[in-house]
Amino acid sequence: MNIFDLTVHELSDKLQTRQISAVEAADALLARSEALNPSLNSYITITRDQALADARQADERIAAGTATRLTGIPIALKDIFLTEGIRTTCASRILDTFIPPYSATSYEKLKAAGVTLLGKLNQDEFAMGSSNESSAYGVCRNPWDTSCIPGGSSGGSAVAIAARQATATLGTDTGGSIRQPASHCGCVGLKPTYGRVSRYGVIAYASSLDQVGPMTRDVTDCAIMLEAIAGYDPKDSTSVDTPVPDYQAGLAGGVAGLKIGLPVEYFRHALSPDVQKAMDDAIATYRSLGAEFVDVSLPHTDYAVASYYLIATAEASSNLARYEGVRFGHRSESAENLIDMMTRSRSEGFGTEVKRRIMLGTYALSSGYYDAYYVKAQKVRTLIMNDFINAFNEVDLLLTPVAPTPAFKIGEKINDPLQMYLSDIFTIPVNLAGTCAMSLPAGVSGSSLPIGVQLIGKPFGESTLLRAGYAFEQATGWHTRKAEL
Amino acid sequence: MQITVATVEHIAKLARLSLTADEKPTFASQMGAILEYVETLKELNTDGVVPTSHAVPMENAFREDMVTPSIGVEKALANAPFRAGSFYLVPKVIE
């Protein structure tokens with residue numbers, strides 16, 4: 001048995017019964033992370049000293065009998081989460097030396113539960129991308145085929161799970177950034193309902209769409225992690241004050257009698273034969289488990305990407321105005337006056353994709369175009385939300401592909417941003433509607449790359465999502481497939 | 001949709017970005033293609049549709065007006081590229 005192969009719940013059992021110490025677990029995961037990082041580039045920063053200090057504390061807590069389910073579990077965070085005293089770059093040169101003065105609430109909660117922090121994971125710069133290629137620290141590689149992208153923007157968070165470099169990770173999802181890399185790397189990734197998890201201390205990309213979520217080996221781990229991070233936070237006025245259910249309690253409830261919708265618009269798109277097969281198999285599995293399928297319509301699906309790339313870039317252009325070289329981040333040394341200093345600092349610090357999105361967002365918000373682009377996109381967002389409300393009057397869940405194809409090659413779409421954006425067609429509508437969704441390992445391509453399927457739930461319907469996900473993985477076992485490394 | 005280099009320069013100025021001579025025509029053609037794609041939204045009649053700015057309907061979030069600890073001057077200034085005492089330092093603004 002390798003410690004790094006264990007899931008959160010398996011390792012937790014062994015920690016509580018003292019078969020493994022938290023320091024042994026930290027050592028095993030650190031060694032694995034350090035050994036594989038030169039080839040995969042999943043970590044921007046490995047926090048060895050922090051991890052060992054956390055692990056020693058966890059062992060004391062276990063000995064004292066005050067441990068939680070997560071005490072001593074080695075986790076890693078996307079480098080978008082602020083970690084007090086630990087460098088946080090958001091994969092951008094502009095934050096290359098940034099040491100946050102406080103921590104994200106989601107990390108504070110995990111810390112209070114006693115986790116061991118292994119480090120900060122690679123991602124697309126400011127979470128803008130679908131391939132992890134926009135990182136200022138180089139692309140992170142898919143462990144199933146290192147010539148392929150891991151997906152993005154939470155690429156490192158998915159790779160660290162698939163390559164057994166962390167027992168669980170957190171990512172963020174603005175247009176699919178948890179679910180798409182989870183699908184491409186063969187892990188479980190859940191985007192909770194907007195407002196379910198605090199965004200405090202998460203570097204903002206598009207504030208009305210951003211949401212924090214877990215990426216794990218299996219659905220049980222996902223439930224454990226979600227339960228730990230969910231809940232109202234007075235520091236995030238958009239977090240919602242509804243009780244956090246016991247997500248593990250109902251996992252084994254099965255799907256008999258559940259009504260699952262298949263959005264007809266999603267299947268009019270060209271799916272790769274491998275993705276189509278994974279979908280057909282998933283439908284057959286759920287049928288055999290007693291779920292009922294019906295066709296539903298989400299008539300405005302084809303307008304989601306256009307609406308998203310106006311709203312997200314507009315919010316980004318506003319959010320990223322804070323990088324001006326005065327309070328934190330890169331400051332150009334060669335400036336003549338204040339405006340010049342700000343302009344040079346930003347131009348030297350931001351990468352191409354970030355600049356492109358700031359430009360698009362600025363255009364959409366600029367005088368004369370605001371109503372035609374930004375307000376129009378917000379109106380279309382209303383229509384897309386209504387599509388989901390109507391569908392969920394008929395069904396309990398929706399089942400869809402995550403991405404139209406398995407992971408593509410590094411460099412394949414880098415010069416065609418529109419093609420890159422269009423690969424998010426099945427994940428983006430969920431963010432616009434603000435509801436929850438999960439990517440589950442569900443198949444394999446002809447070239448052995450993992451393929452995920454997406455379950456979409458009603459707002460705050462994470463329990464149903466997890467229950468259906470658990471039933472699927474118990475029936476299929478796709479989540480146990482391991483990348484050869 | 002046609003986006004000119006002059007438009008790119010105007011938007012860059014608004015966004016406080018300076019683009020290289022190579023970036024300008026590339027951004028012009030890429031932004032043109034993306035904006036042409038988003039033009040498809042115009043096919044939809046949205047008369048009378050209320051715009052959505054947040055997925056979860058919520059009222060103003062108020063809190064008690066209580067003094068609570070804050071991170072303090074030293075921590076707040078720790079990442080400032082240039083500072084003088086407890087102030088941020090910037091290039092001279094007033095001649």
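In this predicted model, chain A is built around an open sheet of 11 strands, with mixed pairing and the order E1-E3-E2-E4-E6-E5-E10-E11-E9-E7-E8. The edges belong to strand E1 (43–46) and strand E8 (292–296) of chain A, each of which pairs on one side only. Going from one strand to the next, the twist averages 30°. Helix H5 (155–162) of chain A packs on this sheet and touches E1, E2, E3, E4, E5 and E6 of chain A, with its direction at about 155° to that of E4(A). Another helix, H12(A), lies across strand E7 (259–263), E8 and strand E9 (397–401) of chain A, and runs at about 145° to E8(A).

As for its partners, strand E4 (residues 168–173) of chain A pairs with E6(A) in the antiparallel sense over five bridges, and A:Asp173 sits opposite A:Gln211. Strand E5 (residues 188–191) of chain A also pairs with E6(A) in the antiparallel sense, here over two bridges. Those contacts put A:Val188 across from A:Thr216 and A:Gly189 across from A:Met215.

Stepping back to the whole chain, the secondary structure of chain A comes to 15 helices and 11 strands. Its radius of gyration is 21 Å, close to the 23 Å that the globule rule gives for 485 residues, so chain A is as compact as a globular protein of that length. The C-alpha trace of chain A spans about 65 × 55 × 45 Å along its principal axes. Of the 485 residues of chain A, 64% count as buried. Among contacts in chain A with a separation of 6 or more, 76% link residues 24 or more positions apart.

A:Cys90, in the loop between strand E2 (74–78) and helix H4 (105–113) of chain A, has a positive phi near 55°. With 29 C-beta neighbours inside 10 Å, A:Cys90 counts as buried. A:Phe126 has a positive phi as well, near 50°, and belongs to the loop between E3 and H5 of chain A. A:Phe126 is buried too, having 30 other C-beta atoms within 10 Å. The loop between strand E3 (116–121) and helix H5 (155–162) of chain A also holds A:Ser153, and the peptide bond leading from A:Gly152 to A:Ser153 is cis, with omega near 10°.

Now for the contact between the two chains. Chain A puts in 54 residues and chain B 41 residues. On the side of chain A that touches chain B, helix H9 (304–319), helix H10 (338–349), helix H11 (352–365), helix H12 (370–394) and helix H13 (417–422) each supply at least two residues. H12(A) gives the most, with 11 residues. By type, the residues on this side of chain A split into 30 nonpolar, 15 polar and nine charged.

A:Ala433 falls in helix H14 (residues 428–433) of chain A and counts as buried, with 26 C-beta neighbours inside 10 Å. Leaving aside residues up to four places away in sequence, A:Ala433 touches A:Ile384, A:Met385, A:Phe388 and B:Ala55. A:Asn386 is 47 residues away from A:Ala433 in sequence, yet the two are 8.1 Å apart in space, C-alpha to C-alpha.

On the chain B side, helix H1 (residues 5–14) has B:Val8, B:Ile11 and B:Ala12 as its buried residues. Seen down the axis of H1(B), these fall within an arc of 105°, so they line one face of the helix. The buried residues of H1(B) pack against H11 of chain A together with helix H2 (23–38) of chain B. Just after H1(B), B:Arg16 takes a positive phi of about 55°.

Terms used. Residues are numbered from 1 along each chain as its sequence is written. Chains are lettered from A and ligands numbered from 1 in the order in which they are written. This is a predicted model: local features need pLDDT of at least 70, side-chain atom pairs count only at pLDDT 80 or more; totals for chains, interfaces and linings use all residues. Two residues are in contact if their C-beta atoms, placed from the backbone, lie within 7 Å. Helices (H or I, at least four residues) and strands (E, at least two) are DSSP runs, numbered from the N terminus. Ala, Val, Leu, Ile, Met, Phe, Trp, Tyr, Cys and Pro count as nonpolar, Asp, Glu, Lys and Arg as charged, and the others, Gly among them, as polar. A residue is buried if 20 or more other C-beta atoms lie within 10 Å of its own, exposed if 12 or fewer, and partly exposed in between; C-beta atoms are placed from the backbone. The arc is that of the directions from the helix axis to the C-beta atoms. Two strands pair if DSSP finds at least two bridges between them. The radius of gyration is taken over C-alpha atoms; the globule rule is 2.2 Å times the number of residues to the power 0.38. Axes are lines fitted to C-alpha atoms, for helices over the stretch in contact, and angles run from 0 to 180 degrees between N-to-C directions.
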